[in-house]
Structure formats: C-alpha cells, structure tokens
Amino acid sequence: MATNAPEQTLFVRKASGLVKGWSGGDGFRYSFFSVNLFLAIWSISYATFIPGGSLFWSIVITAIFIILEIFVYAGLISAMPRAGGDYVWMTRIFNSAIGFIIAAVGWWFILWLWTPIYADMGVQTTIKPIFRILGLNGAADWLGSRTGIFVAALVVIAIASILVAVGMKTYARFQKWAMWIGLAGVIICGILLLVTSGSSFKEKFNAAAEKYYGGDNGTLNLQKYETDESGYFVYDDTGLAINTVEGQTYPDAFTQLEAVGSGTGMPTSTFAGGLSWATWTLIPFMMFWMAWPNWGATLYGEVRGAKDFRKNIYQMLGGLLVPTSITLAFLGLMTWKVGYQAFMGMMASWWYYSTAGTNISPIGGDYISPTAMISWIVPNAAFQIILIAAISLLLFGWFGTLFLSSTRMIFAAAFDRILPEGAARVTSGGVPVVALVLMTIPSIIMAALYAYTPIDAEKGVTIVKLFTYDATVGILIMFLGSALAFMIMKWRAKSIWDSSSLPKRGIAGFPWMSVIAAIYSAFLVFNLYLFVTDALYGVNNSKSAIFMGILYVAALVIWLIAWVTRKRQGMALEAVAKEIPVE
Amino acid sequence: MSVRLFFATDVHGSEACWRKFINSAKHYEADVLILGGDMTGKAVVPIIDNGGGKYTFHMQDVRHDLDGADALALSQRAIRDHGYYPVVMTPEQRNEFSSDPDKLDDLFHAQMRRTVEEWVAWADERLTGAGMRCIVCPGNDDRPDIDGILASSSEIEVGEGNVIDLPEGYQLASSGWTNLTPWDTPREEDEPALKARIEGIVAQATVSPDRLVLGLHAPPYDTQLDVAPKIDWESLTIQGQDSAHVGSTAVKEVIEQVQPILSLHGHIHESRAAVRIGRTLAINPGSSYVEGTLSGCIIELDGKKKLKRYRLTMG
C-alpha cells in the first residue's frame with residue numbers, strides 16, 4: 001500500500017535507550033575556550049622575535065592546517081567515541097607502551113609546566129594592570145618577582161584543583177558563564193576601538209600611562225634612545241639600548257612606543273613578509289594558541305553517524321575560526337587605530353625588557369596588556385577594572401580544564417593497571433583525590449623551578465621559563481602519535497574502521513582520511529623540526545632536552561614497572577588492549 | 001585455587017561483541033564468562049530491494065548502494081556487528097512498517113528472537129568441550145522471552161533471578177531488572193519493587209557475603225558507575241554537558257547491607273569505573289559496542305576470602 005510516509009532509513013525501537021542528540025553549542029563552547037584568546041594575545045607578542053614574518057599570514061596558514069587536525073580528531077572521536085582520548089587511541093592502534101608513554105607526557109606531565117605559564121600570563125595581562133589602576137604598585141612590582149610568580153602559580157593550582165573538585169557539572173556551568181561574560185568584554189573592546197579615533201586613543205593611552213606609571217605612581221621612562229641611520233636602536237656592548245644625551249625625552253608614552261616599533265625593526269604591516277620563510281617560522285608560536293580546538297571534544301549518546309562526524313567538525317571549526325577571526329579583527333583594529341608598528345613596538349618593549357634586560361619601555365617592566373590599553377579608552381578606573389576582569393574570565397575559566405584532562409589520563413592508566421588502582425580513587429563527594437595529588441604536587445615543584453631556577457645569561461629568563469614552548473612540544477608529539485594512529489587505522493584497527501561512519505573513499509587504496517592525517521602529521525613534524533633545531537623558540541638547548549628526556553624516561557619507567565608487575569600477576573599489559581578475535 | 005571471571009555487558013545486538021564475548025574465555029584465560037544485560041539490538045536497518053540484485057540502505061547517515069548477493073551479505077554482517085538488525089524489504093513494505101507500529105514491533109521481536117537463537121547456536125558450538133562456564137543475564141532492554149531461548153542452550157546458563165554456583169565455592173546472584181528509565185523498557189520497575197526483587201534473589205544464596213557475587217544490571221546510585229548525560233524525559237535530548245546519577249538506590253542499599261565480595265553492573269555505557277562500597281568492589285566496565293569493541297573486566301578471586309585483582313579491558 002503506497003503511503004505518503006517519509007522514507008525511513010532506520011527503524012528505532014521505542015524502548016531503545018537512545019537519546020536524540022545533544023546541544024549543538026556545547027562542542028563549540030569547549031573548542032572556543034580552548035583556542036584561547038589570551039593565549040592568542042600572548043602568542044602574538046612572540047612575533048616580535050621574527051619581525052620579518054607576517055603575523056596575519058602565519059595565523060591563516062596555521063588555521064588551514066589546524067582544520068586538518070579537526071578532521072583527524074573528529075574522525076578519531078567518531079570511530080572510538082568513549083575510548084578516552086589520545087591514550088586509548090594510540091594504545092589500541094600501536095601498543096600499550098607507546099600509548100602510555102606519549103600520552104602520559106602529553107596529557108599529564110607536561111601540564112605541570114602549563115600552571116606557571118598560565119600564572120605568568122594571568123599576572124601580566126590582568127592582575128598587574130588592575131593593581132596599577134588601583135595604585136597598588138608595590139604589589140604589582142612584587143608579582144613580577146620570582147616569589148610573586150611562584151605565589152601566582154600556587155593560586156592557579158588552587159583554582160584548577162577547586163574547579164576539578166566541584167565536579168564536571170558545576171565546572172561546566174562556571175565555564176559557560178565565564179565564556180559569555182568574557183565574550184561580552186571582547187565585544188565591548190571591539191566597540192570601543194571602532195568608535196574611538198586614532199588620535200583619541202593615543203590621548204587616552206598617554207593619560208593612563210601618565211596616571212598609572214608616572215607622577216606619584218612611579219616614573220614614566222620617556223628617555224630617548226640613540227638610533228642609527230636606518231632608524232634602529234643602537235646597543236652598547238652589554239646589549240642595553242643607548243640613551244641619547246641626558247634630558248632628551250619623548251613627549252609622551254605613545255610616541256616612545258612608536259619609536260620602539262621602528263627602533264626595533266618591527267614591521268609596518270601585518271601582511272609584511274607575505275609567505276616568506278620568516279612567516280612560516282612564526283607558525284610554531286601560533287600553535288601555542290591555535291592547536292587546541294580538539295581539546296575535550298567528546299560525544300555522548302549512541303546515534304553516532306556521519307551527521308555526528310560532521311557535527312563534530314562544524315563545532316570544532318567554529319571553535320577555531322571564531323577566535324581566529326576575532327584575533328585577526330583585533331590586529332586590523334590595532335593597525336587602524338594604533339598603527340601596526342606602534343602596536344608591535346608595545347609588544348617588543350616588554351620582551352626586550354624581560355629577555356634582554358634593556359628598558360626601552362615607557363612603563364618599565366610591565367607587559368602592555370591589550371585588554372588594559374583598550375580599557376583605558378574610558379577614563380574611569382572602575383570601568384577599566386571590570387572590563388579587564390571580565391575578559392580575563394576567558395583565561396581563568398579555562399584553568400580547570402588543565403587538571404581535568406590529566407585526571408582522565410590518570411584514570412585510564414589506572415584502569416589499565418599501568419598505574420595502581422588507587423590512582424583512580426574518588427571520594428564519596430566525587431573528588432579524584434589521588435589524581436589531584438598527582439597533578440598538584442608536581443605542579444608546585446614545576447612552579448618553583450619556573451620561578452627560582454637561575455636566569456639564563458643569554459635569554460634573560462629563568463632556565464625553566466626559557467623552555468616554555470616545551471609545553472607545546474609535549475602535546476604536539478602526542479597529537480602526532482594520534483594522527484599517525486588515525487592514518488593507519490584502516491589497517492591496524494580494521495574492525496573499528498569498518499564499523500565507523502567515517503568516509504571510506506580514497507585514492508589508490510588510501511582513504512582520504514588517511515591522506516588528511518598524513519598531511520597533518522607532516523605539518524606537526526615541520527613544527528617539531530623548527531622547535532628542535534632553532535634556538536629562537538627556547539627549546540633548542542641541552543637543558544630543554546634533558547627536561548623532556550626526564551619526562552619520557554619517567555613515563556617509560558612507570559610503564560616498565562607496571563609491565564613487570566602485571567606479567568608476574570598473569571595479566572600482561574598488552575592483553576588489555578589487544579583485540580579479541582571475532583571468528 | 002583462584003577463579004578468573006570475565007565480565008562484559010550491554011552488547012546491544014552487536015554480532016562482533018557477542019562473538020568476542022564467547023571468544024574472550026580463551027583470549028583472557030577465563031574460567032567463567034558472565035554477560036550482563038541488554039543483549040538485544042535497538043534498531044532495524046531496512047535494506048531496500050530495488051530489483052535485479054540491487055539494494056540500497058542507509059547506515060550512520062551514509063547511503064550504500066549494493067550490487068549482488070555477496071555485497072548484500074557483507075553489508076548485513078556489518079550492520080549486525082553494529083548492533084542493528086538488517087532486513088531486506090521492498091519500498092512498499094518499508095512504508096507499511098513506517099505507518100503500522102504494531103507491525104514494526106512484531107518485526108523487531110522476530111529479529112531479536114532470530115538473532116539470539118543464532119547466537120546461542122554459535123556459542124554452543126564454540127563452548128562445547130571447552131571447559132569454561134558461560135552465564136548470561138538479560139537486561140532491562142531485553143524482552144522476557146529471550147530467557148527461554150537462552151535456557152535452550154546446552155552451554156549457556158541463564159542468570160536472571162537465579163543464584164548460580166561458581167567454582168571454588170562462590171555464587172553469583174543476578175538480575176537484569178533496573179529502576180525506571182525514560183524509555184519504558186521491558187524490565188524496569190520502581191525502587192521498592194526492585195529492592196524486593198533483588199532481596200528475594202539474594203535470599204536464595206547459601207554462601208557467606210565474602211563468597212557472593214552480585215550481577216545486577218542497574219549500577220548503584222550516586223557512584224562513579226551511574227553517571228550519565230542528563231536527559232529531558234519528554235524530549236529525550238541531552239541537556240548540555242550536565243550529567244546525572246541515574247543508578248538505583250535499591251541496588252546500592254542491597255550492596256551496603258549484604259556487602260558481597262563483588263558486584264557487577266552495566267546499563268550506563270559511559271560510566272566505565274570501579275568503586276568500593278564498603279567491602280564490596282563494584283564494577284561497571286561500560287560498553288563500546290557501537291564500534292565493535294568489547295569493554296569488559298577480568299576479576300580474579302583468590303579462592304579464599306579476597307578479591308585478588310581486577311582489570312578493565314577493551315578488546
């Protein structure tokens with residue numbers, strides 16, 4: 001009997017236990033938070049180290065390759081959705097040792113280093129500017145000291161621990177509010193920049209600099225520096241910029257920063273450098289903020305099909321492209337209102353102070369936070385503090401993810417008996433106490449090392465701070481492992497590949513998904529090659545190599561101890577993840 | 001002498017997972033296989049016969065066009081491995097099923113029974129003379145008549161409502177009934193009724209608690225074993241990233257009162273975990289049947305009073 005019923009392609013039982021989907025916004029929110037705008041601001045400032053490269057094009061190129069990352073991770077999540085992430089994907093497709101060692105470093109050990117990095121960023125971009133507005137200059141200066149950074153890291157550790165302890169549900173709610181409030185702050189900043197003329201911006205900037213860094217609050221350093229015939233600063237034998245004749249000063253802070261821009265050779269346009277090699281060498285710096293749209297992207301539910309695979313891609317794409325667009329728009333607005341070279345001069349003034357020790361900044365050793373300088377457009381201290389604090393929720397709201405990712409990794413390793421059962425212990429209130437200890441105590445140690453290790457003579461920062469980018473390297477190595485696992489999934493985990501909804505078409509027997517994974521892997525190798533071979537990124541040195549080596553050896557030792565122990569108990573580690581035959 | 005158990009649950013019609021379950025005895029060197037509930041599938045995939053040996057079906061939102069009997073057979077196997085039931089039909093028959101819920105229900109019933117019969121026959125062939133035990137307890141998603149098919153097996157022992165002797169003086173008391181769910185499944189009831197049911201089964205046990213294993217499909221409430229995405233009961237949609245404890249208070253109370261050495265649970269596929277409730281180790285190995293992976297747990301009882309060790313697996 002012909003009917004007008006729609007063509008049904010699947011008949012689902014009434015009592016099926018299947019849910020009909022999940023909120024489309026959730027995956028986007030997680031990805032958006034992860035491609036963090038504060039990390040973006042921080043990464044942009046690193047472009048001062050490669051003035052010949054185009055920041056704009058480096059961001060665009062990076063985004064293109066991260067789209068490939070999104071396909072890879074959407075594919076892994078679609079094929080093995082409840083598996084527990086990189087650790088299980090690599091364990092399943094390679095073996096227990098490779099999966100644990102790479103994931104333990106990438107999702108557990110290296111995150112210890114992120115805690116002082118977050119603290120440093122939070123202090124420089126948010127706390128110090130707020131303290132200056134409030135006139136708490138002693139406190140602001142103290143935060144820049146070794147002990148100040150260490151204490152700030154302890155605060156980050158405490159916040160991250162609390163956010164884990166309160167449970168996923170409460171943390172998710174906090175994150176939701178943090179994102180919306182932070183975004184509202186970003187929109188306000190955008191509006192302020194749009195409606196403010198360039199001259200008015202400079203006027204307000206100078207007024208704030210004078211108010212917060214000059215007069216009774218300190219001494220605005222407006223001394224002029226000697227330049228050569230090309231307009232670049234001249235340095236003495238110790239690497240300090242040479243003051244011109246005493247008494248010669250710039251008329252105001254902004255003019256000085258414009259001079260810093262030209263004096264340090266900063267580009268006049270974000271496009272300058274085009275697609276040159278210098279632009280490509282900026283990419284590892286951009287990976288510091290752009291590599292993470294796949295962070296925490298998991299699915300619930302069982303109606304898993306191509307639509308879910310596509311939905312995952314769209315949400316992670318949104319999580320990548322929205323902050324990328326905001327960042328590019330920000331660069332555009334700064335170019336328009338401030339002047340690109342002047343803006344980069346602001347960034348350079350901080351790095352030249354913190355790494356070379358040469359004080360060419362009008363405001364001394366403070367980082368010129370973009371959120372702070374935009375807030376100065378409104379000459380009202382309360383407004384400025386609220387705006388800076390609101391936007392900072394985009395950073396603070398993400399802190400909990402730091403420890404959450406690690407606890408999942410620790411649990412998975414405990415279930416597989418690489419770690420003892422107790423590592424997955426949870427209190428009656430749902431607090432993963434042992435996992436938290438395994439994150440908290442090493443993070444405190446790492447924060448102490450970050451703050452108190454000797455200053456590297458050449459780079460002017462502590463030895464551990466010098467290899468900040470190892471925090472990215474450890475995770476990129478893990479991503480490479482997962483990408484390679486995905487590339488060979490068709491052959492190494494055939495049953496999972498066959499039963500997945502992943503597109504199976506390809507060329508010459510290679511699925512397009514494997515080709516995408518191969519290109520993405522090559523991109524990661526490119527980044528890792530630059531990290532390892534170029535001193536510019538701070539990790540091309542023996543101390544960094546020793547640090548990373550210690551982490552990988554520690555992971556190997558843990559695995560070996562587990563392997564021997566379990567073998568004696570008659571439960572070989574390999575058997576846990578080895579596929580049971582079907583026939 | 002110790003006893004090695006292998007426990008898996010919630011295979012939901014996945015042919016691959018059923019076969020892996022039966023083969024896991026050899027793979028993990030287990031003495032006893034225990035399958036927790038929910039062994040029947042959730043959906044029928046209509047394979048439209050277009051005539052001339054050509055067929056069309058949709059699987060996971062992807063359209064597949066088949067040409068010939070071999071391609072059809074391969075796809076039918078792939079669908080079964082996924083946990084769905086492939087049924088070849090004409091477009092007219094598909095429309096009939098779309099418009100007649102009772103007819104569709106009969107179709108589901110027939111497919112479930114036929115699949116379980118095939119599974120039992122295959123298991124009997126594999127397990128005969130193999131020297132290991134196999135206990136299967138249907139769950140809340142499984143219709144009651146499945147028990148009769150399982151009982152007809154020469155090798156499979158039916159767990160539902162029974163206390164079964166295990167090696168080395170242990171006993172297993174099982175039930176696949178759960179507390180109420182949003183889906184009105186065949187074996188669900190309110191907490192007081194569930195508690196009475198479980199207590200009635202446990203009362204049949206003749207061993208001390210330190211030799212008693214409970215196989216209860218519903219996980220204990222407010223533990224790591226029962227965390228599921230929060231669902232709106234009307235629309236059956238997930239509420240953001242909110243989660244909720246959906247396990248059974250009755251199950252938790254019984255565990256707390258009886259304090260068996262071990263309790264085995266399923267039902268919540270996402271909550272793969274092991275927790276201690278007093279002296280009891282409660283385990284939910286979760287389920288990854290969708291991708292054809294058998295999530296399970298190896299447990300070794302030491303033959304005395306202790307649980308020697310356990311380990312979650314993903315094969």
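Me: What covers the buried residues of H16(A)?
Reply: In this predicted model, the cover over the buried residues of H16(A) includes helices H2 (37–46), H6 (111–134), H8 (146–165), H9 (168–195), H15 (370–375) and H17 (399–415) of chain A. Helices here are DSSP runs of H or I with at least four residues, strands are runs of E with at least two, and both are numbered from the N terminus. Residues are numbered from 1 along each chain as its sequence is written, chains are lettered from A and ligands numbered from 1 in the order in which they are written, local features need pLDDT of at least 70, side-chain atom pairs count only at pLDDT 80 or more, and totals for chains, interfaces and linings use all residues.

Me: And which residues of H16(A) are buried?
Reply: Among them are Gln384(A), Leu387(A), Ile388(A), Ala390(A) and Phe396(A), where buried means that 20 or more other C-beta atoms, placed from the backbone, lie within 10 Å of the residue's own.

Me: How far apart are the end C-alpha atoms of H16(A)?
Reply: They are 22 Å apart, which agrees with the 22 Å that its 16 residues (381–396) should span at 1.5 Å a residue, the expected span being 1.5 Å times one less than the number of residues.

Me: Switching topic, how many residues has the largest nonpolar core?
Reply: That core has 284 residues, and those with the most contacts inside it are Val72(A), Ala104(A), Ala413(A), Ala483(A) and Leu33(B); a nonpolar core is a set of buried Ala, Val, Leu, Ile, Met, Phe, Trp, Tyr and Cys residues joined through C-beta atoms within 7 Å. Helix H3 (residues 55–79) of chain A gives the most to this core, with 15 residues.

Me: What is Ala413(A) in contact with, leaving aside its neighbours within four places in sequence?
Reply: Ala413(A) is then in contact with Tyr87(A), Phe100(A), Ala104(A), Ile418(A) and Leu419(A), a contact being two C-beta atoms, placed from the backbone, within 7 Å.

Me: Over to chain B, which way do the residues of S2(B) point?
Reply: From strand S2 (residues 32–35) of chain B, Val32(B) and Ile34(B) point one way and Leu33(B) and Leu35(B) the other, and all are buried.

Me: In what sense does S2(B) pair with S1(B)?
Reply: Strand S1 (residues 3–8) of chain B and S2(B) pair in the parallel sense over four bridges, with Ala8(B) opposite Leu35(B); strands pair if DSSP finds at least two bridges between them.

Me: What about S4(B) and S5(B), parallel or antiparallel?
Reply: Strand S4 (residues 54–59) and strand S5 (residues 62–67) of chain B run antiparallel and are joined by six bridges, and Thr56(B) stands opposite Asp65(B) in S5(B).

Methods:
A residue is buried if 20 or more other C-beta atoms lie within 10 Å of its own, exposed if 12 or fewer, and partly exposed in between; C-beta atoms are placed from the backbone.
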